[in-house]
Amino acid sequence: MKPTTKFAEDTAEAFAADFLEQVIDSQVFIGAYIEQVLAKRANLIFQYVEDDSYYGVAIKHMSGEEFIALNSYQPLRMRYFTAAHELWHLSEASEWQVDGFDHERAADRFAAAIMLPKGTTKEVWEKLKDGYDTKSAIIYLADMAQVPYISVVRRLRELNYRFADLSEQEADWREERNRLGIAPSPLDQAQRFDSFVAYEQVVVKAVEEERLTRLNAANKLSVYRPDLAKTLQEDEISRLQEDVPHD
């Protein structure tokens, strides 16, 4: 491992421990609650984009407002992990401009440390591995923490457990689950929906404070809220017509 990678991972681990202490002050699996935590720190947007390679993104609006977009096309367990990953990009540490600092690697480690806290993960893993074969135990731990299977494999390796011949492909683990006869999990399914309420509120507020014209606002909302965009456009046209001098 490169020294810069280790520095990024150690830094992320420390930030995650501090974050968990502030947010929940308890060594439990945070699971789906991570989205509520994220929503308190940024404007949360859900998009349904049929792209296997798109998970989410952090965006800063020209107003200074911060947005996190999550792809609801991804299975729930992947979506929750992505939410934790994006939290890193809202942290003070994400502003660091240190040469060679790998922020994406730090974000992944931060997410793993939040979703799979060191102490709890070790404690639960020790009990599971005594009662089940390794692959079943990994699947059960992934379900409890509501994280991707591959995140469990990587996290256990980070915690100095050694395994051989374990896949790091999520699809392989779903097949393994079926082969082992473990009941299907809704966490392996996507929950299709779009929600742009946070973005809509910021744009409408900008119009109210006259930082944005209605026409510009309509353009920004045309994809997400076409009905509201149409209303804003009609309001602006009416206002312009009223301003036209009459003979």
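These are my notebook entries on one predicted protein model.

**Entry 1: ground rules**

I am working with a predicted model, in which local features need pLDDT of at least 70, side-chain atom pairs count only at pLDDT 80 or more, and totals for chains, interfaces and linings use all residues. Residues are numbered from 1 along each chain as its sequence is written, and side-chain values use heavy atoms, with hydrogens and water left out.

**Entry 2: confidence**

I looked up pLDDT, the predictor's confidence in each residue, from 0 to 100. The protein chain has a mean pLDDT of 88, and 96% of its residues reach 70 or more. Which helix has the lowest confidence? It is helix H9 (residues 197–208), at a mean of 78, while helix H6 (residues 134–145) is highest, at 98.

**Entry 3: the whole chain**

I counted elements as DSSP runs numbered from the N terminus, with helices being H or I of at least four residues and strands being E of at least two. The protein chain has 11 helices and three strands. Read from the N terminus, the order is α-α-β-β-β-α-α-α-α-α-α-α-α-α.

The C-alpha trace spans about 90 × 45 × 30 Å along its principal axes. For cover I used these terms: buried is under 20% relative accessible area, exposed is over 50%, and partly exposed is in between (1.4 Å probe, protein chains only). Of the 247 residues, 45% count as buried. The chain exposes about 13600 Å², with carbon and sulfur atoms supplying 47% of that area; the areas come from the Shrake-Rupley method with a 1.4 Å probe, and for residues only the protein chains shown count as cover.

I also checked contacts, meaning heavy atoms within 4.5 Å. Among those between residues at least 6 apart in sequence, 61% join residues at least 24 apart.

**Entry 4: domains**

The domain assignment gives domain 1 (1–180) and domain 2 (198–243); such bounds come from an automatic or database assignment. I read 37 Å between the C-alpha centres of domain 1 and domain 2.

UniProt, in an unreviewed entry, lists residues 65–156 as "domain: IrrE N-terminal-like". UniProt positions are in the numbering used here, feature names are shortened, and annotations may be inferred rather than shown by experiment. The span 65–156 is 65% helix and 7% strand, and its end C-alpha atoms lie 36 Å apart.

**Entry 5: glutamine 74**

I found glutamine 74 in the loop between strand S3 (66–71) and helix H3 (76–88). Is glutamine 74 buried or exposed? It counts as buried because its relative accessible area is 6%.

I then looked for polar contacts, which are pairs of N or O atoms within 3.5 Å; within protein, one must be able to donate a hydrogen and the other to accept it, and residues adjacent in sequence count only if both atoms are side-chain atoms. The side chain of glutamine 74 reaches the backbone oxygen of aspartate 52 at 3.0 Å and the backbone oxygen of tyrosine 54, also at 3.0 Å. Leaving aside neighbours within four places in sequence, the contacts of glutamine 74 include Asp51, Ser53, Tyr55 and Ala190.

Aspartate 133 is in the loop between helix H5 (118–131) and H6. I list aspartate 133 as partly exposed because its relative accessibility is 41%. A polar atom of its side chain lies 3.2 Å from the backbone nitrogen of lysine 135.

Glutamine 146 is in the loop between H6 and H7, and its phi is near 60°, a positive value in a residue other than glycine. It is partly exposed, at 24% relative accessibility.

Arginine 155 is in helix H7 (residues 149–158) and is buried, with a relative accessible area of 1%. Beyond four places in sequence, its contacts include Glu13, Arg109 and Leu116.

Asparagine 160 is in the loop between H7 and helix H8 (170–179). It is not a glycine, yet its phi is positive, about 75°. Asparagine 160 is exposed, at 58% relative accessible area.

**Entry 6: alanine 217**

I ended in helix H10 (residues 214–221), which holds alanine 217. Alanine 217 is buried, with a relative accessible area of 0%. Not counting residues up to four places away in sequence, alanine 217 touches Val203, Val207, Leu212 and Leu232. Between alanine 217 and phenylalanine 46 I read 171 residues in sequence and 20 Å in space, C-alpha to C-alpha.
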